[in-house]
Amino acid sequence: MTQRFYLLAASQVTANVGFVLYTMAVTSYIKENTGSTALASMITMTSLLARLLSSLSVPLLADTYKSIHIMRSVQVMQIGMLVGLYVLLTQKFTVTVLTMGFIIVGIISFFNGFFSIFKTSVVRSLVNDSQRMQANSLLSTIDQTFLFAGWSLGGFVLSLMGSTQSLFITAGLLSISFVCLLFIKEVHTYKQTQKRRAAIMEGWRFLWIHKRIRALVIMDIIESLFGTIWIGAITLSFVKEVLGKGEAWWGYINGAYYFGSIVGGIIVYRMSSMVKGRLLLFMFLGSLGYAVLTGFYGLVTNPYLALVLLIMMGPAYQLRDVAQETIYQNTCSNGMLPKVIAAKSTLVQAVFILSIVFVGTVADLFGVRFVYLFSSFMLLLTALIGMAGLMYNKHSIEIDKTPAERRGGI
């Protein structure tokens, strides 16, 4: 790995930890001033909708600007918005302040959506083909480690500094992220070669035409439909109704999930040389393992066994996720990659928003345990059908190879 890659990792970590603290601070502020859990939860919905809009806007920028330049610009925009949010939240609380707060949250999330999409393209540019799997697993491990620390220590920081003052720490973290990006030089340049309408549709056409990528996206969409089984309301209900524990165990469950992701990232990183030549196989094993463990989790009543199962999910989840990320990078050219990721993100986030209502309704009608068991069945079915579709394509093995190993790739 090069020094530029580690600078990118530092930039991603500081930005994501800053976003965790900012989310906790704004949520806490709204809860304290309104007493409404529903309004506080709207922070997540606002963020998701704003990211959906940014995904739709990516193709307009991908052919014109370097990914690294876009990432720098959005960090500056977010820092400016955070300063504005701090000034707003120091005013007397009114409906106008609340409304403006949600607008600024939406703007910050809109820019943050660009950062995560174009980061994938920069990784492809900075890391050679043989190290791409290792790079993705290392990024994921570092990120999960600091997110675990961020969510764990965020409450302490809020209690020490208060909601509004904590925004200064977020602004400082984003400033560090921006400085790291200044030292990264991207090799590839892009030129606008099509009309805007054509550029917007290019990533969508790619998803539709190329069967391999289309199969991956369909798997992602179905998995995101049941990804909401891990949101706060569902997890808390499971802890109380099935495990018979209180809010403290809600924190333990979240901690075990992140800890498992860290362990999984380390394992995948150590296995990267073996995995990179068999991406489809290991992605299937990861998806299969995650589905089966989710089913067992839905069946348990022992809280300690639940923690063990969550930790075991980490390697399976990370194996699936990192393998998918590498397949996208190996299959798409650097100019096409942000458009494809943006199109995929648009679909996945739209389904995720809808699934919040769907999963909550299922939990109310059939109980929270049924949610996990049904999700396990659907995830298992998705893994089997998705992998069958990928393997049926006689050329699908090409995505396990690097561009240098292929003859005339995409």
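The largest cavity is lined by Val26, Tyr29, Ile30, Ile43, Leu85, Leu89, Val97, Leu98, Gly101, Phe102 and Val105. This is a predicted model, in which local features need pLDDT of at least 70, side-chain atom pairs count only at pLDDT 80 or more, and totals for chains, interfaces and linings use all residues. Residues are numbered from 1 along each chain as its sequence is written, and side-chain values use heavy atoms, with hydrogens and water left out.

**Overall fold**
- The chain has 14 helices and 0 strands, where helices (H or I, at least four residues) and strands (E, at least two) are DSSP runs numbered from the N terminus.
- Of the 410 residues of the chain, 52% are buried; buried means under 20% relative accessible area, exposed over 50%, and partly exposed in between (1.4 Å probe, protein chains only).

**Cavities**
- The model contains 3 cavities of 30 Å³ or more, a cavity being a set of points, on a 1 Å grid over the protein atoms alone, where a 1.4 Å probe fits but cannot get out.
- The largest cavity has a volume of about 60 Å³; grid points are joined across faces, edges and corners, and the volume is the space filled by probe spheres set on the points.
- Helix H1 (3-34), helix H3 (67-89) and helix H4 (95-126) each supply at least two residues of its lining, for which a residue must have an atom within 4 Å of a point.
- H4 gives the most to this lining, with 5 residues.
- The lining divides into 10 nonpolar, 1 polar and no charged residues (Ala, Val, Leu, Ile, Met, Phe, Trp, Tyr, Cys and Pro count as nonpolar, Asp, Glu, Lys and Arg as charged, and the others, Gly among them, as polar).

**Nonpolar surface patch**
- Phe156, Leu160, Met161 and Ile169 form a nonpolar patch on the surface, with about 390 Å² of accessible area together (Shrake-Rupley method, 1.4 Å probe; for residues, only the protein chains shown count as cover).
- Patch residues have over 30% relative accessible area and no salt bridge, and nonpolar side chains (Val, Leu, Ile, Met, Phe, Trp, Tyr) are joined within 5 Å, like charges within 9 Å; a salt bridge is a side-chain nitrogen of Lys or Arg within 4 Å of a carboxyl oxygen of Asp or Glu.
- Helix H5 (residues 132-161) provides the largest share of the patch, 3 residues.
- Leu160 belongs to helix H5 and is exposed, with a relative accessible area of 63%.

**Leu288 and Leu384**
- Leu288 lies in helix H11 (residues 279-299) and is partly exposed, at 24% relative accessible area.
- Leu288 and Leu384 are 96 residues apart in sequence and 7.9 Å apart in space, C-alpha to C-alpha.

How values were computed:
1 Å grid on protein atoms, 1.4 Å probe; cavity = no way out; pocket = protein on both sides within 12 Å on 5 of 7 lines; lining within 4 Å.
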